[in-house]
Amino acid sequence: MSKQFDVIVIGAGPGGYIAAIRAAQLGMNVACIDEWKNAAGGAAPGGTCTNVGCIPSKALLQSSEHFEHANLHFADHGITATGVKMDVAKMIARKDNVVKQNNDGILYLFKKNKVTFFHGRGSFVKAVDGGYEIKVTGKAEETLTAKQVIVATGSNARALPGAAFDEEQILSNDGALAIGSVPKKLGVIGSGVIGLEMGSVWRRLGADVTILEGQPTFLGAVDEQIAKEAKKAFDKQGLKIELGVKIGEVKAGKKGVSIAYTTAKGEAQVLEVDKLIVSIGRVPNTTGLNAEGVGLKLDERGAVVVDGECKTNLPGVWAVGDVVRGPMLAHKAEEEGVAVAERMAGQHGHVNFNTIPWVIYTSPEIAWVGRTEQQLKADGVKYKAGTFPFLANGRARALGDTTGMVKFLADAATDEILGVHIVGPMASELIAEAVVAMEFKASSEDIARICHAHPSLSEATKEAALAVDKRTLNF
């Protein structure tokens, strides 16, 4: 006999587990299905973000940054540190523990909010009276039914044609987070978020890192001025980035990986590395969902087709996160999960794609929200721009990290903030002020007139807002 629920959520990543909890808080009887396993075979909810994405990568970035500070920057503070070594195994173990804490936290939240969790793979069986039948395949098979279903199955790393992931030499983000020792030479294909973050981790620990990027420009989605500033910093650090390349044959052998490529100038080159990280994007994960069995519409990429409210073509079936259109960001998935749960309860859930922040957690960090200067020019929007360098910020000087700047873009007529772009220390935290301001349709003058703590990095945002009108308080 099947178990009956009001809502079944397939997937317990950021979109799925948040949707399940919010639906339960709104009085619904909720089940959530997820197949992620830890090393012991136990449940590991949290999806890619918690297990092989956002959380573990930040743990490794933090460890590697401590190591680099100890080796290169402690002396500036009068601290003598000699013989500093990195125990990679311990670093990886710490990362795994951070992941487990997050897994356990989600399981606790399910219990606290009375969400019934099923460990296994969820898939559609058929439509039934009043809803859908869902099969759970795991240690024990279960059959569930619900009036409404939320698909939150996330995404998978895109493999390079002819170079399948073996997670030993040719690595996805999964393998890149579990390298057992520092490679002498590390290759990365793709200079996006994963490529830059993982490249930064292993460069700090001593690897010779080369990033090969097919696009002719660096970080094409980022404001051009900010991207150029970031590129200068990465070049100075020794992160080798080649743009406009065309990847040829990739061969993995006993001694490492060989990557044949053509440079932007048309020159044939071969890069020999110990390990290769491939970070060329992600694809929606709908394999095994049995979408065709119930007529759930997918697009040419395999993503679930949804409308502006995350409704699919099937009544009572919704989809959120990486498996649908829009940016593949954990916080975007969370917002959609909350919105869908509230819509099912008859409320008016809201997601504003224009105020979703983006962050790259390198050093310097890169963060932005809204439109870039090149987008405004292309759209014919009249705007004003203001910038302020961290070099002139007292807190940044005290931190010993004055790289980068804050940039404001505002409507030339109304002064409404159209975009804010930051490269520099703690950009991931500073961008939140801009998100709040844009969500409430604030002007650059609003930010300029708000009292910011002194000394703080946030003063740079105030100064950039002042600079929109060619003013400054920094003497």
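A cavity is a set of grid points where a 1.4 Å probe fits but cannot get out. The model examined here is a predicted one.

**Exercise 1. Determine how many cavities of 30 Å³ or more there are, and describe the lining of the largest cavity.**

Solution. 
Step 1. Under this rule, the count is one cavity of 30 Å³ or more.
Step 2. The volume of the largest cavity is about 30 Å³.
Step 3. Its lining consists of Ala157, Arg158, Ser172, Asn173, Ile194, Val278, Ser279, Ile280, Gly281 and Arg282.
Step 4. Sorted by class, these lining residues are four nonpolar, four polar and two charged.

**Exercise 2. Describe the second largest pocket: its volume, its lining and the elements that contribute to that lining.**

Solution. 
Step 1. The second largest pocket holds about 1300 Å³ of space.
Step 2. It is lined by 34 residues, of which Glu65, His69, Ser363, Pro364 and Asp401 are the closest to its centre.
Step 3. Two or more lining residues come from each of H3, helix H7 (224–237) and H12.
Step 4. H3 supplies the largest share, nine residues.
Step 5. By class, the lining has nine nonpolar, 14 polar and 11 charged residues.

**Exercise 3. Characterise the packing of helix H3 against helix H4.**

Solution. 
Step 1. H3 spans residues 54–73 and H4 spans residues 88–112; the two pack at an angle of about 145°, and their axes are 9 Å apart.
Step 2. The crossing of H3 and H4 is right-handed.
Step 3. On the H3 side, the contact involves Ile55, Pro56, Ala59, Leu60 and Ser63, while H4 contributes Met91, Ile92, Arg94, Lys95, Val98, Val99 and Asn102.
Step 4. This contact comprises eight nonpolar, two polar and two charged residues.

**Exercise 4. Decide whether Ser443 is buried or exposed, and locate its contacts.**

Solution. 
Step 1. Ser443 lies in the loop between helix H12 (427–439) and helix H13 (444–449).
Step 2. A residue is buried if its relative accessible area is under 20%. Ser443 has 13% relative accessibility and therefore counts as buried.
Step 3. Apart from neighbours within four places in sequence, Ser443 is in contact with Asp415, Glu416 and Ile417.

**Exercise 5. Explain why helix H14 is described as largely enclosed by the rest of the structure.**

Solution. 
Step 1. H14 covers residues 459–467, and nine of its nine residues are buried, so the helix is largely enclosed by the rest of the structure.
Step 2. Among these buried residues are Glu459, Lys462, Glu463 and Leu466.
Step 3. The buried residues of H14 pack against strand E19 (383–389), strand E20 (405–411), H12 and H13.

Note on methods
Residues numbered from 1 in each chain as written. Predicted model: local features only at pLDDT ≥ 70, side-chain atom pairs only at ≥ 80, totals over all residues. Heavy atoms only, no water. 1 Å grid on protein atoms, 1.4 Å probe; cavity = no way out; pocket = protein on both sides within 12 Å on 5 of 7 lines; lining within 4 Å. Points joined across faces, edges and corners; volume = space filled by probe spheres on them. Nonpolar A, V, L, I, M, F, W, Y, C, P; charged D, E, K, R; others polar. Axes fitted to C-alpha atoms, helices over the stretch in contact; angles between N-to-C directions. Helix = DSSP H or I, 4+ residues; strand = E, 2+ residues; numbered from the N terminus. Left-handed = near helix turned anticlockwise from the far one by under 90°. Contact = heavy atoms within 4.5 Å. Buried < 20%, exposed > 50% of the residue type's maximum accessible area, 1.4 Å probe, protein only.
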